[in-house]
Amino acid sequence: MKIDFLGCSGGIEGSTPVGKSLNDYARTTCYRLNGHVLIDAGTGAGRMGMSEMVRIEHILLTHAHLDHIACLPLMIDTIAGLRKTPTCAWGLPGVLNVLRTHILNDAVWPDFTAIPSPEHPFLTLNEYPASGRLEVEGLKVELLSATHGIPACGLLVRDGDHSVAFSGDSGPDPTFWASAAAAPDLTAVVVECSYPNREAELARISKHMHVDEVVRLSAILPRHVSLVIVHRKPGREREIQAQLNAALHDRRMEFPVSGDSIDFPL
Ligand SMILES: [Zn+2]
Ligand SMILES: [Zn+2]
């Protein structure tokens, strides 16, 4: 599975890595899987050209925080009329309700689920099946637990003979880690680590992860499973990376910045 980390920052600013422009870097959560499926549609979605946006068939939403949906309404507007079928967004009922009530409400943004007509809209909002399982573009998707103070989920995505788990935004959630560890073909966990250890209290209040929690909870994973660290808050990137490198010697870790792509399995 090829994952393009179109956006994987915890904000829209950042300490620009050597060789990267700020434009390359400071974009929020949007991962593209094998070219046709998005996980979330934060400002990273704005990295795509129009022809790339047209090819997106499904958008799997983890939750409705703005850094994960900001570009969804703008993207649908950009490609309006260019697709023969609607772009399908998937979410928990509470997530879709936020989109309907607060975003696509004909006040903040037009309701593209009824434009140009309710029968043939540019966008459909689909509840994840009650089974917690669906298949999109050949990818088998399973909902995982997340703890973020609002309706939120993680995802396990299986492509052929390997799977990758995504934490979404979540504070410490042992159920997520146990489920991921139980997947026999798990190759990597894409996990948010928003804060360094000095901001553990802020992480707790905001229901995000900090370094020591990632170290503690990831211990349940088999040794060969890699960690991909995302959603680092702007200005803390190097500190978080240094703390994780110091604490986890026997686990492969990747620290992508927005615009990077990774082919799994590593
Ligand atoms: Zn969030
Ligand atoms: Zn977020």
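A residue is called buried here if 20 or more other C-beta atoms lie within 10 Å of its own, exposed if 12 or fewer do, and partly exposed in between, with C-beta atoms placed from the backbone. Helices (H or I, at least four residues) and strands (E, at least two) are DSSP runs, numbered from the N terminus. The model is a predicted one, so local features need pLDDT of at least 70 and side-chain atom pairs count only at pLDDT 80 or more, while totals for chains, interfaces and linings use all residues. Residues are numbered from 1 along each chain as its sequence is written, and chains are lettered from A and ligands numbered from 1 in the order in which they are written.

With those terms in hand, helix α8 is a handy place to start. This helix covers residues 211-218, and its buried residues are V211, E213, V214, L217 and S218. Looking down the axis of α8, they fall within an arc of 165° (the arc of the directions from the helix axis to the C-beta atoms), so they line one face of the helix. As for partners, the buried residues of α8 pack against α6 (174-182), β11 (186-192), β12 (226-230) and α9 (237-247).

Stepping back to the whole chain, the secondary structure comes to nine helices and 14 strands. The radius of gyration, taken over C-alpha atoms, is 18 Å, which agrees with the value near 18 Å for a compact globule of 266 residues; the globule rule is 2.2 Å times the number of residues to the power 0.38. Along the principal axes, the C-alpha atoms fill a box of roughly 55 × 40 × 35 Å. Buried residues make up 45% of the 266. Of the contacts with a separation of 6 or more, 61% are between residues 24 or more positions apart, where contact means C-beta atoms, placed from the backbone, within 7 Å.

Next comes the sheet. Seven strands form an open sheet with mixed pairing, in the order β6-β5-β4-β3-β2-β1-β14; two strands pair if DSSP finds at least two bridges between them. At the edges sit β6 (123-127) and β14 (260-263), each pairing on one side only. Neighbouring strands are turned by 25° against each other on average, direction ignored. Helix α5 (residues 93-103) packs on this sheet, touching β5 (87-91) and β6, and its direction makes about 150° with that of β6. Axes here are lines fitted to C-alpha atoms, for helices over the stretch in contact, and angles run from 0 to 180 degrees between N-to-C directions. Within the sheet, β3 (residues 37-39) and β4 (residues 58-60) pair in the parallel sense over three bridges, with L38 standing opposite I59.

L38 turns up again in the largest nonpolar core, which has 75 residues; L38 and L155 have the most contacts inside it. Such a core is a set of buried Ala, Val, Leu, Ile, Met, Phe, Trp, Tyr and Cys residues joined through C-beta atoms within 7 Å. The largest share of this core, five residues, comes from β11. Leaving aside neighbours within four places in sequence, L155 is in contact with I39, L60, T62, V141, L143, L144, F166 and G168.

R133 has E142 as its bridge partner in β8. The hairpin has two residues between the strands, and E137 takes a positive phi near 50°.

Most residues other than glycine have a negative phi, and most peptide bonds are trans. N34, in the loop between β2 (30-33) and β3, has a positive phi of about 50° and is partly exposed, with 14 other C-beta atoms within 10 Å. H231, in the loop between β12 and α9, has a positive phi of about 65° but is buried, with 27 such atoms within 10 Å. The peptide bond from I115 to P116 is cis, with omega near 0°, and P116 lies in the loop between α5 and β6. Another cis bond joins F264 and P265, with P265 in the segment after β14.

Conventions
Contact = placed C-beta atoms within 7 Å.
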